[in-house]
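Student: Could we go through some of the labels used for this model, and ask what each one rests on?

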Amino acid sequence: MISIVIPVLNEKESLTPLQSELEAVAQRANLDVEVIFVDDGSTDGSWATIAELAEHHGWVHGIRFRRNFGKAAALSAGFHAAHGDIILTMDADLQDDPAEVPHFLATLAGGLDVVSGWKGKRLDPWHKTWPSRFFNLMVSWLTGVRLHDHNSGMKCYRAEVFREVRLYGELHRFIPVLAAARGFKVGEIVVNHRPRKFGRSKYGVRRFIKGFLDLLTVKFLTGFGQRPQHMLGSIGLLSFLAGLAGMGYLTFTWIVNQLSPEDVYPPLHSRPLLTYSVAALLLGAQMMSIGFLAELITAYQGRDEDSYSIAEQTQSSSITLKLSGETPKPGPGS
């Protein structure tokens, strides 16, 4: 089964056409599909449309939030409710083309675990496309996951990805990065991007500010989530050593002044290096202290969480070999 998870926020006009297109694609490609609409606090009557679709189509399901919790929460709820071995996500505004679903499945069958859609010809104004390109380049450079469009809402996953990747905040756009950090194979395909017919864009300038902060979070989680002291402690140690070097130099100049009949160097209290050195010492000590606290928290909370990801394993046998001085004789079926 293929589960299609669709977050909905004030998309009433597009839900029925979207359901009709998905039904046509499923029948044409002979796919076993379930569609899960997650109403993320809509105020335009979207839930009434979802409930009507679910009543008339057994393969359509709906989840309604009490208020707007964000896209990551909507996706998480959809993932938990999904029954399929493959999960596909798409937006509800009809800009994602349901005809691309078979292409995603074919690419996933080629050995990938995550397939991201890349809107090669994006039908959005320049003030959205150019910042998005810069953001995607920055994400690819910092994380090492080379995708043209990390923000694409149309992605396809194997269900086991979400047994190891947990979403919170606004990390939904970084699912491929989080999956790659666990060892899953990530790829992308070019998808058709259609012009908006209904509603309006949910994103503005704040999206990119939040996206940059989330990127820093993801970089820390994927690179140092299990060893925070390696980053925090390294920064603290470098700062502490710089402060020690500055204080050492100032001590040397003070001794020279004390041994000389007149001051060779300016007095310590008038030198900016003293302030910088003390600040570097304090910053270094503080960063290393925070690193130790982060290690304690990680060790305590991570006791039940594996730091590895198993792709497959052989079935264990119930036959055991007792170690003794005798060499076991092969049985008749050996």
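Tutor: We can start with a side chain: that of Asp 113 reaches the backbone nitrogen of Lys 185 at 2.9 Å. This is a predicted model, in which local features need pLDDT of at least 70 and side-chain atom pairs count only at pLDDT 80 or more, while totals for chains, interfaces and linings use all residues. Residues are numbered from 1 along each chain as its sequence is written, and side-chain values use heavy atoms, with hydrogens and water left out.

Student: Why is Asp 113 called buried?

Tutor: Buried means under 20% relative accessible area, exposed over 50%, and partly exposed in between (1.4 Å probe, protein chains only). Asp 113 has 14% relative accessibility, and therefore counts as buried.

Student: Which residues does Asp 113 touch, not counting those up to four places away in sequence?

Tutor: With contact taken as heavy atoms within 4.5 Å, Asp 113 touches Leu 108, Cys 156, Tyr 157, Arg 158, Val 161, Phe 184 and Lys 185.

Student: What makes strand S2 largely enclosed by the rest of the structure?

Tutor: Seven of the seven residues of S2 (residues 33-39) are buried, so the strand is largely enclosed. On one side these are Val 33, Val 35, Phe 37 and Asp 39, and on the other Glu 34, Ile 36 and Val 38.

Student: How do you know that S1 and S2 pair?

Tutor: Two strands pair if DSSP finds at least two bridges between them; S1 (residues 2-8) and S2 have seven, in the parallel sense. Within this pairing, Val 8 stands opposite Asp 39 in S2.

Technical notes
Polar contact = N/O pair within 3.5 Å; in protein donor to acceptor, adjacent residues only side chain to side chain. Helix = DSSP H or I, 4+ residues; strand = E, 2+ residues; numbered from the N terminus.
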